[in-house]
Amino acid sequence: NLYFTANKKTGLGAEDIYLSKFENGSYTTPVNLGAGVNSETWEFNACIAPDESFLLFSSFNRKDGLGGGDLYISFRENDTTWTPAKNLGVNINSAKLDYCPALAPDGNFLFFTSQRTDPAITNHNKKSLSKILNLSDGVENGYGNIYWVAFDPESYK
């Protein structure tokens, strides 16, 4: 099965996540995953569990968002219904853009990209050029890095 983002006139928001099932050697007409996953804003970067029991994705501008974009989880209830998406919270999301979730093959780790910054970069105290260059070459420079954390989807139910 293929989960993907599309901007369609029939969608719920700016971009929604759809499912096209692989049946009898071809893909079916895409179906919007509905209001459990999609909102009036943007949903993208779908990452489906191997057994399709839950979906991780990125979204912008939700009421419970922490910043530029956050990671969410929704659980499959049945063939056509998903639970209301939950923000993965402050232990994963930041005030900056967090996106592109991916699971380790064993499902025990979540990998994602974040544009989070080191507080030393955002505190605009007087700095020398060498300090600024050192901070900008650092890991949390706002340009995006890949992070990983231990992950238990059941803790979000």
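C100 is partly exposed, with a relative accessible area of 34%, and in this predicted model the residue lies in strand β10, which covers residues 98–103. Although C100 is a residue other than glycine, its phi is positive, near 55°. Most residues other than glycine have a negative phi.

C100 is also one of the contacts of T113, which, leaving aside neighbours within four places in sequence, touches L97, D98, Y99, C100, G144, N145 and I146. T113 itself is found in strand β11, made of residues 109–114, and is buried, its relative accessible area being 14%.

A positive phi, of about 60°, is likewise found at E52, which is not a glycine. E52 has its place in the loop between β6 and β7, a hairpin with five residues between the strands. E52 counts as buried because its relative accessibility is 19%, under the 20% cut-off.

Strand β7 pairs antiparallel with β6 (residues 42–48) through five bridges, and C47 stands opposite L56 of β7. Strand β7 also runs antiparallel to β8 (residues 70–75), to which six bridges join it; here L55 stands opposite S74 in β8.

| Residue | Relative accessible area | Class |
|---|---|---|
| T113 | 14% | buried |
| E52 | 19% | buried |
| C100 | 34% | partly exposed |

Notes. Residues numbered from 1 in each chain as written. Predicted model: local features only at pLDDT ≥ 70, side-chain atom pairs only at ≥ 80, totals over all residues. Heavy atoms only, no water. Helix = DSSP H or I, 4+ residues; strand = E, 2+ residues; numbered from the N terminus. Buried < 20%, exposed > 50% of the residue type's maximum accessible area, 1.4 Å probe, protein only. Contact = heavy atoms within 4.5 Å. Pairing = 2+ DSSP bridges.
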